[in-house]
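Thanks for coming. I will go through one model this morning, starting with the backbone and ending with the cores.

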Amino acid sequence: CIQFIERRFFFLHKPKANMPRVFASLLLAATVVAVTSAAPITKVEKVAVGYYMESLCPYCIQFIERQLSPALKQGLGDIMDLSIVPYGNARGTGKSIQCQHGSEECQGNMIESCLISLNPEVKSYFPAFSCMEQSGDPVANAQRCVQEAGLDWSSIQSCVNSEEGIKFEDKMAKRTNELQPPHKYVPWVVVNGSPIGEDLDNFVKLVCNAYTGTNKPEACSSSFAALDARKTAKKVSVGYYMESLCPDCIDFVEQTLAPAIENGLGQIMDLNVVPYGNARGTGKSTHCQHGTQECIGNMIETCMIHLNPEVKDYFPAFKCMEQSGRPVDDAESCIKKAGLDYDAINNCANSNLGQQLEDQMAKETMALQPAHTYVPWVVVDGQPLYNDLTELTKRVCDAYSGSDKPAVCGN
């Protein structure tokens, strides 16, 4: 070490001819002491985060939009070793993979696997990944999102259409199937080997608490926590099961739901609108109570909610469509008035994606326990309101355990 310092030091700082040799030696000695007495640097390991998902999962999109993407923008990636695994609830490997939301989802998973595998740095692939997911149609928007992120689309496309892509996706399948404990649903998030289950709203907090270093990013500060100031108490789950041409549903939206949301109830309510109602069947065999127009209206509303999952984004257009009494005819004007992308929603409603999403609405409706007997059917924290629909605000306020109740709860 001394020889190295001596050679490097005197090469970079050659003593002038008139510099006393003794002074140069003392300077060298001081350098050696300073270097050899420096405190050892302790490396702090990043927090290992595994995000197991599938490309057409509505709840995965919500997690990206509400938690993962904002957190990365606020520096959480500095302390997090993120691994995204696109496979989810699929089954099988190779060319025999069957995905929960059909072949379109399998293709989306493959594109994302190739994107991540060919561009392994989170800062490189995540902008394109986030763009694809939040578009609601990752396959149709893949090329645009990848190119906007400055990545090479041709190499990703070649990967998808080759044995390389199959190998990448098989690795995603293997990692998902080897989870212990096994995943139960998606999104499935694992922090330092421990699943966080349904506690997705506390994702940032869990990562920050797991990090042992002192240089925590802005995402861990109280200012970032203010982005979701109501995490201290879990929001009240509200399921609204309806159909687009139901007169009583229109009355409920106009007289109860819309006023409650506009008066702040949405701050403590996790609203899930499910457009299917008293329909029967799935796929192209779906029969709606009020005919074909109602099926089309249900599909448009389902796509609109899927592509714009935040209540504050989709509800103005949803309310407009419902209150018009002609949700299909007025869909375009209502959606554009709300500042949403009508073309994207219309494309979804006329695609396999739209049908798959509507089938999911059917599945959610049919899985209700107790089963719904009419519409509108409203469920608050798992308990149906039955005919007490005007009690929605009171029931939600009573069910909320936080101290930060909105003003509407005091009226």
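In which loop does Tyr 386 lie? Tyr 386 is in the loop between S8 and helix H17 (392-399). Before going on, the conventions. This is a predicted model, in which local features need pLDDT of at least 70 and side-chain atom pairs count only at pLDDT 80 or more, while totals for chains, interfaces and linings use all residues. Residues are numbered from 1 along each chain as its sequence is written, and side-chain values use heavy atoms, with hydrogens and water left out. Helices (H or I, at least four residues) and strands (E, at least two) are DSSP runs, numbered from the N terminus.

Back to Tyr 386. Its phi is near 55°, a positive value in a residue other than glycine. At 41% relative accessibility, Tyr 386 counts as partly exposed; the scale is buried under 20% relative accessible area, exposed over 50%, and partly exposed in between, with a 1.4 Å probe and protein chains only. Asp 381 is not a glycine either, and has a positive phi of about 50°. The loop that holds Asp 381 runs between S7 and strand S8 (383-384). Asp 381 is partly exposed, at 41% relative accessibility.

Pro 376 sits in the loop between helix H16 (352-366) and strand S7 (377-380).

Now helix packing. Two packed helices are described by the angle between their axes and the distance between the axes. Axes here are lines fitted to C-alpha atoms, for helices over the stretch in contact, and angles run from 0 to 180 degrees between N-to-C directions. Under 35 degrees counts as roughly parallel, over 145 as roughly antiparallel, 65 to 115 as roughly perpendicular, and the rest as oblique.

Helix H4 (residues 103-118) and helix H8 (residues 163-177) have axes that come within 9 Å and cross at roughly 95°. H4 and H8 are therefore roughly perpendicular to each other. Residues making that contact (heavy atoms within 4.5 Å) include Met 110 and Cys 114 of H4, and Ile 166, Phe 168 and Met 172 of H8.

Helix H12 (residues 292-307) and helix H15 (residues 342-349) pack at an angle of about 125°, with their axes 9 Å apart. That makes H12 oblique to H15. Among the residues in the contact are Met 299, Ile 300 and Cys 303 of H12, facing Ala 344, Ile 345 and Cys 348 of H15.

Leaving aside neighbours within four places in sequence, Glu 105 is in contact with Glu 54, Ser 55, Leu 56, Cys 57, Cys 99 and Gln 100. Tyr 87 is 18 residues from Glu 105 in sequence and 9.2 Å away in space, C-alpha to C-alpha.

Ser 83 belongs to strand S2 (residues 80-86). Ser 83 counts as buried at 19% relative accessibility. Not counting residues up to four places away in sequence, Ser 83 touches Val 49, Gly 50, Tyr 51 and Arg 175.

On to aromatics. Rings of Phe, Tyr and Trp (its six-membered ring) pair if their centres lie within 6.5 Å; planes under 30 degrees apart count as stacked, over 60 as edge-to-face and the rest as tilted. By this rule the count comes to 8 aromatic pairs. For Phe 126 and Phe 129 the ring centres are 5.9 Å apart and the planes at 45°, so the pair is tilted. Phe 126 and Phe 129 are 3 residues apart in helix H5 (residues 122-135), about one helical turn, and both are buried. Phe 315 and Phe 318 have centres 5.9 Å apart and planes at 40°, so this pair is tilted. Both lie in helix H13 (residues 311-324), and both are buried. Tyr 51, Phe 63 and Phe 203 form one aromatic cluster.

Last, the cores. A nonpolar core is a set of buried Ala, Val, Leu, Ile, Met, Phe, Trp, Tyr and Cys residues joined through side-chain atoms within 4.5 Å. The largest has 50 residues, of which Tyr 240, Leu 271 and Ile 335 touch the most other members. Helix H11 (residues 247-262) gives the most to this core, with 7 residues. Apart from it lies another core, of 49 residues, including Leu 72, Ile 79, Ile 84 and Tyr 211.
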